[in-house]
Amino acid sequence: MPPRDRRPAPSPESFLPLPRDTFHILVSLADRDRHGYSVMQDVRDRTDGALRLSPSSLYASIRRLLERGLIEELAERPDPEHDDERRRYYRLTTLGRAVATAEARRLQRLLADARATGLLPKKA
Amino acid sequence: MTRHRPPPGSRAFRALLALYPAAFRDEYRREMTLVFADRYRDADGAAERARLWFEAVTGLLMEAPKEHGRMIARDLRYAWHSLRRQPMLTATIVIVLGFGLGANTAIFSLLNAMTARTLGSIPHPDELVAVNTREYALGGPEGSRLSGPMFEHLRDAAPAGVRVAAMSRGIAHVYTRTADERETTPASLQLVSSDFFSLVGAAPALGRSLPDDRHNQAPDAVAVISYGYWQRRFGGAADVVGRVMTINNVAFTIVGVGPRAFTGVWLEAPVDVWVPLAMQSAVKYSQNFSADGADLGRPWLTQPNVWWLHVVARVPSSRSAVVAGVFNATRSSTAGADAGLVLQPFSHGFSQFRQRFMLPLQALFVMTALVLLIACANVANLLLSRAIARQREIGVRLALGAGRSDLLRLLLAESALLIAFATIAALALAHWTSGALARAAAATADAAPLAAPIDWRVLGFAALSACLSMLLCGVFPAWRATRVNVLAALRSGGRGATIRSSRIARALVVAQIALSLVLVTGTGLFVRSFHNLQYADLGIDASHLLSVRIDPRLSGEEPSRLPAMYARVIDAVSAAPGVRAASFAMCGLDSSCATQGSYAVEGRPPRKGESVDFRVNVVSPAYFSTVGMPIVAGRALDAHDTATAPRVAVVNKTLAETYFPNGAAIGRRVGLDALDTEIIGVVEDARALNNIAGLPAPAIFMALAQQPIVPRSLTVRTVGDPGLSAETVRMAIGAAAPLLPIESMTTVDEQLARGLSRDRLATLLTTGLGVLALGLAGFGLFGVISYAVSRRTSEFGVRMALGASPASILRQVMREALALIVVGAVVGAPLVWIAGRAASTLFFGVSPHDWITMMAALFVLSLAGIACSLRPAWRAASIDPVIALRQE
């Protein structure tokens, strides 16, 4: 059995700011569980093709997110009818969701600041 | 469920994933390949596919190194935690390896400093070559010697673009005085040709260089002084050019000041004053020469048979073969085709250090390499026993699914970390010891200490040695540790030492003992050689002797009145209180006399091509009794051998035995041009104090009164401590010849100690290395025997329960230790023989295959081995059978 970790759980704020790719992956997993290619497509679609993750950067980020406990791999396939049995699916953990939310709030505050200083119009 | 055929290209992508660390690859390869295949399938057109490939490859090249770095950092972190759990073992390994690597790096940094030093202040030093004859090529550029006419020929024959310059072989100590000074001041002087400064690219900082000396123009009494001398002696005075300064009583005009930082081409002997070659006889330069039938009283520059010059050329590298050919053609036309010329690289300048220490340092380097090997064997053994002790842990990890490659990497990370620590310790040790060694070596050579910095070459060497050590002592134990039978490891509860592992451990100890035998024997040989040097029969009675260096030519006396002055000095010194006798000689006891060649020997016509070389000394009557050189036949030189009496000489035993084998030397004649000198006595062979190890050469002693030679040495035999009589002797000389300058005054014991200082240093260092090797081998034996005893605790317990006595257990363990020592000795003996053959020139008076030394080494090694095995053996004998069996 691995030794019990006695350190307190990390606060979501301690992960901020998130790297760009990481945040996009977390956002893409916010509404549903996805496999790697689905994440990649979602990111590409949401950014209108501006951000295209390569397999290498995608899986390096996934490995880091798994290690930090922000996402987890699913044991069962959510949609076995339409999918290849070999694919792995990922889901946000509670911590992951909290971190993604905290990052979104941070960006929101930043946006509000930009509006307050006149950098952006008051109402989008 | 849908099945996709892998699209073209995904196999290539899959292959590219080999760039990732195995752990990452195993985890994500399939997923990544699937994603790539999906994107490939969805891509529209060739441009999109090309873009996909581009993104995939760049992403891979960016991410794979990061993953490797992450894995390495993780392994090192684990390794650090694992090492911290066993601080004693970690410290031991770091210390053992640190010593091995440190000793090696220290000697390497000295070798590096010696070979890497170039004539830094000279532009394009690689274009410089020294012209040497084949005869002296082995001695390096320092050994070269050419005559004045030879230099002129080479200079005239040099193709366009090639410059040739000459300089005196020696740097002379001279006395200088400016117009407003009364006392003289010593300075170092070198005679150089006019091209010297332009050849070495040393444009004068002030004034001009020496005037052109081609085609025997009338020489000017002019001098160029060094920048440092200008600052020291003249306080950097701007009007120094044009001032007159006497050098050995001859007035010279200073025409220029050399550039800053330029002190000549001898690395450790800076020059203060340079004067033209043609001023040789004016400044009374008479050192570092060879001559054959020359009139040494006449200027040397025009004489073809006085070899007193180094010749250096600046040759563009592409033309060196052409130039060598041209020079050789010149040589054959002027001096016969007897000896060819070779061009030797001169970018490193001349170095006393290199001459003196290259060979001993190379020997020491080999010894430190052996020490490193022993240290590696030792550490390999420690790591191996550690790996065996961790068999259960490794078995558990494997059973839980860890890959062998992961474990191997982890264990290698541990060794890498250990070696990194050891390398840091080694560099610190090397930095400290090489500095101390350089100072000690400089002290033996009367030279400025050599800076031995830790530069990139030393760091590179340390890194290379560390990698080799890693290969030798880290990789094998790690590989061995992961070859574990998981079931057996788990079942044996971590005590499953295999017979093979203990065999390997024993083999490593045998290797250590064998290598230690080589080192300890080497140390023994060095110690015996040094002892022999210290107590060598010098052929003189060295105690109570004071050696005074003088230069009568600077005494202001007319040459015709010098003999009278000699007599006055001898009488005054001999009459001084505490002095027993005094005598003049051309050559002191601490120098090898100039050799003059091709003597004719009565009754022995020279063989074809033979050159009969004698060491020549010219001495005053009481010389042999003063220095304590026993006469073995005939008589000594005496007061009757005057200028008008028939010319006589005394020869040494080697000359008498070589040229008159029937013992008939007395009464025979020798001579340079004619058989004009009669041998009247034979003396015991004497060794030169600066080269005690040198073989005695045929030597001839002429009478001072009968030779036009100026003596440079006064030897004084005192009643008591010669050091205490120095002042009395100085006053006596001052009373008899007030203007005779005394260059130095040392006791012969001091000269002897200085002559041996290099060997003393080498002996001290080899002894240190021998002790280190002995300690390491003993430690290795201790470790292996301790380990074997701890493994067999229960076996010993059972035996004792069955009635075996503690003494019999003790005997059994000691028998095993002795067996290892014996096997080590058997393996080591041929190595000792091979090493002895390679190092035979380093020892004096002892054969490199001296069996007494080897036996003594074996004895010391066995004693150390037995001492180190006693404790574990005693522990085995004091096992309590009840406790041992309960443990089982």
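Keep in mind that the model is predicted. Chain B has 888 residues, and 43% of them are buried. Its secondary structure comes to 23 helices and 25 strands.

**Overall shape of chain B**
- Along the principal axes, the C-alpha atoms of chain B fill a box of roughly 120 × 90 × 55 Å.
- The radius of gyration of chain B is 37 Å, whereas a compact globule of 888 residues would have one near 29 Å.
- Among the contacts in chain B with a separation of 6 or more, 82% join residues 24 or more positions apart.

**A look at helix 18 of chain B**
- Helix 18 covers residues 722-736, and its 15 residues should span 21 Å at 1.5 Å a residue; the end C-alpha atoms are 20 Å apart, so the two values agree.
- There is a bend of about 30° in this helix at T728(B).
- Which residues of helix 18 of chain B are buried? They are P722(B), S725(B), V729(B), A732(B) and I733(B).
- These buried residues pack against strand 14 (545-550), helix 15 (562-575), strand 15 (579-585), strand 24 (713-718) and strand 25 (742-747) of chain B.
- In general, an α-helix has 3.6 residues a turn, so residues three or four places apart point the same way.

**Where chain B meets chain A**
- Here, 18 residues of chain B are in contact with 17 residues of chain A.
- On the chain B side, helix 2 (22-42) and helix 3 (45-84) each supply at least two residues.
- Helix 2 of chain B gives the most to this side, with nine residues.
- By type, the chain B side that touches chain A has nine nonpolar, two polar and seven charged residues.

Technical notes:
Residues are numbered from 1 along each chain as its sequence is written. Chains are lettered from A and ligands numbered from 1 in the order in which they are written. This is a predicted model: local features need pLDDT of at least 70, side-chain atom pairs count only at pLDDT 80 or more; totals for chains, interfaces and linings use all residues. Two residues are in contact if their C-beta atoms, placed from the backbone, lie within 7 Å. Helices (H or I, at least four residues) and strands (E, at least two) are DSSP runs, numbered from the N terminus. Ala, Val, Leu, Ile, Met, Phe, Trp, Tyr, Cys and Pro count as nonpolar, Asp, Glu, Lys and Arg as charged, and the others, Gly among them, as polar. The expected span of a helix is 1.5 Å times one less than its number of residues. The bend at a residue is the angle between axes fitted to the seven residues ending there and the seven starting there. A residue is buried if 20 or more other C-beta atoms lie within 10 Å of its own, exposed if 12 or fewer, and partly exposed in between; C-beta atoms are placed from the backbone. The radius of gyration is taken over C-alpha atoms; the globule rule is 2.2 Å times the number of residues to the power 0.38.
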